[in-house]
Structure formats: C-alpha cells, structure tokens
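User: Please take one part of this structure and give me a close look at it. Then set that part against the rest of the chain. Keep it brisk.

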Amino acid sequence: MPAIDPTEYEIAELGPKITDVDDADELHEMLELEEAGEDRAPVKTLIEDRIEKVETEDDGELDPETVDLTAMTVADIANMVRGVDDADVLRDVLEREREGKERKSAITQIENRIDSVEGSEEQAGEDVEYVPPEEKYPELDHPTNDKQWVEGTVGAEYRDMWVYCETQAGELVDVSKEMLGKARDLMDQYNADYDAEERVVAVLVGADASDHVEDVTAYGADLVVYMEDDRLERFRHTPYTEIVTDMSRAGGELASEGHEDVDWKDYHEPRYTIFPATNNGRDLSALVQGALDSGLASDCSGLYIEEAMISNPAKVGTAGDNKEFERVLHMKRPDFSGFEYSTILCIDKPNRDFHPQGASVIPGSFEIPDPDYDREAEVVEYEMDLDDEWFEVDVTEFDRLSGGVDLTGNEVVVAVGRGIGDDPTTGIELALDLVDAFEDADLGLSRGVITSSYAFDSHVEQYVTEARQIGESGQVVEPDVYIAAGISGAIQHKVGCDEADTIIAVNTDPEADIRDFSDYVIEGDLFEVLPRLTEAVEKGELAAAVEASDD
C-alpha cells in the first residue's frame, strides 16, 4: 500500500505531494488505486508523468554535456544543473540554451547555478565581503536607511507559527480553518522533530474578533491574540497592517511603546506567518511581510518544514561552501503551466535575517479539520492606540451580497478566457447566449479575464467579477458539461474544472494545454464556434455538433 492514496486528494493537493515520491513501484501502485477508484483522467496523467520522470532518472542521470535541451522543460533543466559543479559545463549548457529555445527562465536558472558554483567571482573558501547597500550603490536612493530593523537584528530569536484568521460578515471563513489545521499538523511535527514547544498563534482583527476565539481554538490554536474595535468592522489596509505588525513585534527588540514586555511572547518576531490568499488576505500578507522586512510566497498550495542545503555564497557567506539551514518552511505553489510546482524558500544570509518566513494559502488547499471544542488556549486581548488618520476615509454606504455567484450547482458551465481579447464585450455576449440556451447553466471566467485590462461595455461589465473565477484561486466546479472557450488550460484553471463529466474545449491553438484533459476539442475561433454551439443546443443537436470531426 503506497504512503499516498490519490483517491483521498484533490489534484491541487496531490500535485505538490507527488513530486516528493521517487519510487516508481509506489507510483504504479498509486496509479492502480486511482484506476480502481475515481479513475480521474487528470490525476492519472499527473501520476503517469511522474512515473516517466522517475523511471527516466532511474535509467541513468542526464549528461549535461550531451543532453538535448530542446526536449527538456525549464523545470527539468533546473533540476539537472543543480547537480553540476563544473562552471565550464554550465557555460556550455547556457550557450546551447541561448542558441536553442532561448527561454529566459531557463537561462536564469543556469546563470544562477554558475554564480553559485563560482561564488559570484569569489575564490572558493574565501569569505564574501559584505558591503552595505548604501556604500555599494551610493548613487541610488535607499529608503530603507531609516529602517533600523533591516540589518540590525541578525541572530534574533524567532518562534511559533502565526495564522491570520480572516472573518467575513461575522463568520470565520473556511480557509482560516484550513490554515489552522495545517499549522497544527506542521507544529506538532516540528515540536517532535526539534524537541521544541512552539505554538500555533491565531490572530484575529475586527469589530467582532472576540466572537471567534472559541472557534480558532477548536481548530488548533495554542494562543489567540485578538484586537477588537468598532472601527475595524471593514477591512482597511493601514489599521490592519499596523495592528498585525505591532502584534508581531510585541515583546521583541522592536516592540512599540507599552509592548516591550508582555507575558505571552518573549521573542523578536514570529518564525512563520501564513495568511489566506483571499482578496483581503493577499493585500494584508504583502503589507505585513513588507513592514516586517521579510519575503512572501503568495498563492501557495503546499507547506512543509525541513532542512535545506544551500551553496549560494550570498546565503552562506563563503564561496564554495555548503550550509544546511534548519527549520525552513518550504512553500509550494503551482507554476504558470503544466504539472510543475515551484518550492519557495525564505533563507537568511549573513548580516540579514529574513523572518518571519511568510506564505499566503490558496483556499481549498488543505482539509478543514474536525473542531475540538474541548481544546484550551491562552487568550490575549491586544490593546493599542489606533490613529484617527487611519480612518480618515470612511464608507458611508454599501451593499453586502447575500450569496455571491455559486457556479457549483449548475449542470453546465460556459467559461471564457483570454481568447475573447479581440472583442471582449462580444465574447461575453456570445458566452451568455450559449448559457441561455441551456436550462441550467451559468458563466465562468478564467483568471486571465479577471486580471486583464479589457474594456467591457456596461451591459456585460456586471458579469466580469472575481466571483465567477474558476480555478485554484476561484471556484471549483463539477458540472455535467464544462465548455472552455479561449482558455489555455494552465494548471491553476485545470484544478477548478477537471472533475466535470465532460469538458469541451474551443481553442485556436493546436498545442494548448487544455487539449490534454478535454473530452472534445474544437479547433477554431470562439467568435465563430460559440454561435454554432448555441444554435446546436437550441435545436437539441449539441452532441452531433461536437462529434463532428472536420467542421
């Protein structure tokens, strides 16, 4: 029985986990479990791709001096060059890539490895000289000069995993529960591995923050720190950022006045912080991590803690040396296409600490744990003065949507992507015509439409909202029929629709990724195809229209 049963996971969860499986026999067992269970084509493809990669590696390591780079993905090249310590070989690989596909990301990976091997032109064994940025680049403006915490806290103490728990309309949102459950698992394992007693800290901010203390405790918190004020009823960037940042520094070297000594925290800043990758959470995570002068891995779907061996001289301080960093939060996020995932690390370097190690988590990435209302936690009501200037702009009137747009219950979902770019308004109109032709259907959008700068006429603009987004950062749908028009099929979108019974793709690109997991592919312009599909549905001839192979 393999350690991972694929039938217990959605593809978004399985993707990061499967990249750690290096046993081909175990992968074959996973494939058999999936075939005997839900038999999901995308999941089988994911496992089969991993089997092929593992078995290729088992047949012998790739020879970087002779391998065909044009047949390799960027991720394959990155994995290969990690094991190359000869700078001349790496330069040859670099030159061949430039003469071949000339992929910028591949070139960057090779150049970074060359820098790592050569020590950025330092001799092996020599310490890398540290020159403060303002001295190294005196001609540049250095706005961080006044931030005493940028390079003044090397070797400070960091502890605990902090979870910002978002609430909406008086309810603790599901992703907050997911993150607490994941944090509980991570810190339980962390404490066992490092013989430590570090905590899961839940952070609540809002007009009704105290109402959620019991819930966040039940879902895994050891310590709950909350700030409650009527003025915090709606999310606001400045006060929320100031509050979470102030909480993070309490009891540390940079604590604000009145918070220098607190009995619930005696370290500088959190070791780890995680936020929800929601609209508000994305904003807050970037602002808080920036204020704490650290990094952020956004839109993550996998987290784990383990050691990392690093050779980059900028990180280890000595050219040619390797250093093992402990207690590193590995933050996995999907790349922009295919089944590949990147793992982001937030690593300190000499003269500079990068803490907290921070991530925002895509909703739905982890399971919601069963709450335990018998759990107990320490509870702290945080007090600080809120500057009136933070509230100078007020919302005098607003409407709250009662339910938003729920695409999950429809028999048919018609989704459009960047393919509408030539005439965005007409593209939405044609999709809505097709929606209306079905008895139970609705309109979905890819993230590309949401983030684009398309100009829509007012009569369709109301349909272009994030509430209709499908994918890892949107809704996950399982309709009988999913029609994807002008959508390339990147993994972020794929995980939102791959449970549909039938997927019909409309695309002009004969090599679009969506072809790999669609049941039917219509190669054509959506502006021509959608009206014909609408006509076929109205005549009850959709099946015949789709089955036609040459028209």
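Analyst: Two strands count as paired if DSSP finds at least two bridges between them. That rule is needed for the part I have picked, the pairing of β1 with β6. The model is a predicted one.

Strand β1 covers residues 158-164, and strand β6 covers residues 269-276. The two run parallel and are joined by 5 bridges.

β1 and β6 belong to an open sheet of 7 strands. The order is β7-β11-β6-β1-β4-β5-β12, and the pairing is parallel. In that order β6 stands between β11 and β1, while β1 stands between β6 and β4. The edges are held by β7 (296-300) and β12 (378-381). Each of these has a single partner strand, so one side of each has no neighbour in the sheet. On average, neighbouring strands here are turned by 20° against each other, with direction ignored.

The largest nonpolar core has 37 residues. Met161, Leu180 and Leu303 touch the most other members of that core. Met161 lies within the span of β1, residues 158-164. Helix α8, residues 174-194, gives the most to the core, with 8 residues.

Beyond residues up to four places away in sequence, Leu180 touches Val163, Cys165, Val200, Ala202, Val216, Tyr219 and Ala221. Among these, Cys165 is buried, at 1% relative accessibility. Cys346 is also buried, at 10%. The disulfide count is 0.

Helix α8 has a charged pair as well. Asp174 and Lys177 both lie in α8, 3 residues apart, about one turn of the helix. They form a salt bridge, with the closest N and O atoms 3.7 Å apart. Asp174 is partly exposed at 43% relative accessibility. Lys177, at 17%, counts as buried, because the cut-off for buried is under 20%.

For contrast, look at the other open sheet. Here 5 strands run in the order β14-β13-β15-β16-β17, with parallel pairing. The edge strands are β14 (441-445) and β17 (520-523), and each pairs on one side only. Neighbouring strands are turned by 15° on average, direction ignored.

Inside this sheet, β15 (residues 481-485) and β16 (residues 502-507) run parallel and are joined by 5 bridges. Ala485 stands opposite Val506 in β16. Helix α17, residues 526-538, packs on the sheet and touches β15, β16 and β17. The direction of α17 makes about 140° with that of β16. Helix α13, residues 424-437, lies across β13 (412-416), β14 and β15, running at about 150° to β14.

Is Ile487 buried or exposed? Ile487 is buried, with a relative accessible area of 4%. Leaving aside neighbours within four places in sequence, its contacts are Ala415, Val416, Gly417, Ser446, Tyr482, His493, Asn507 and Ile514. Val449 is 38 residues away from Ile487 along the chain, and their C-alpha atoms are separated by 9.7 Å. Val449 itself belongs to a second, separate core of 32 residues. Ala431, Phe438 and Ile522 are also in that core.

The whole structure has 25. One of them joins Arg96 to Asp92, at 3.0 Å from N to O. These two are 4 residues apart in helix α5 (residues 87-99), about one helical turn. Both are partly exposed: Arg96 at 22%, Asp92 at 33%. Another joins Arg327 to Glu326 at 4.0 Å. Arg327 is partly exposed at 22%, and Glu326 is partly exposed at 48%. Glu34, Glu38, Arg40 and Glu499 are linked in a network of salt bridges.

Methods. Residues numbered from 1 in each chain as written. Predicted model: local features only at pLDDT ≥ 70, side-chain atom pairs only at ≥ 80, totals over all residues. Heavy atoms only, no water. Axes fitted to C-alpha atoms, helices over the stretch in contact; angles between N-to-C directions. Contact = heavy atoms within 4.5 Å. Buried < 20%, exposed > 50% of the residue type's maximum accessible area, 1.4 Å probe, protein only. Core = buried A, V, L, I, M, F, W, Y, C linked by side-chain atoms within 4.5 Å. Disulfide = S-S within 2.5 Å. Salt bridge = Lys/Arg side-chain N within 4 Å of Asp/Glu carboxyl O.
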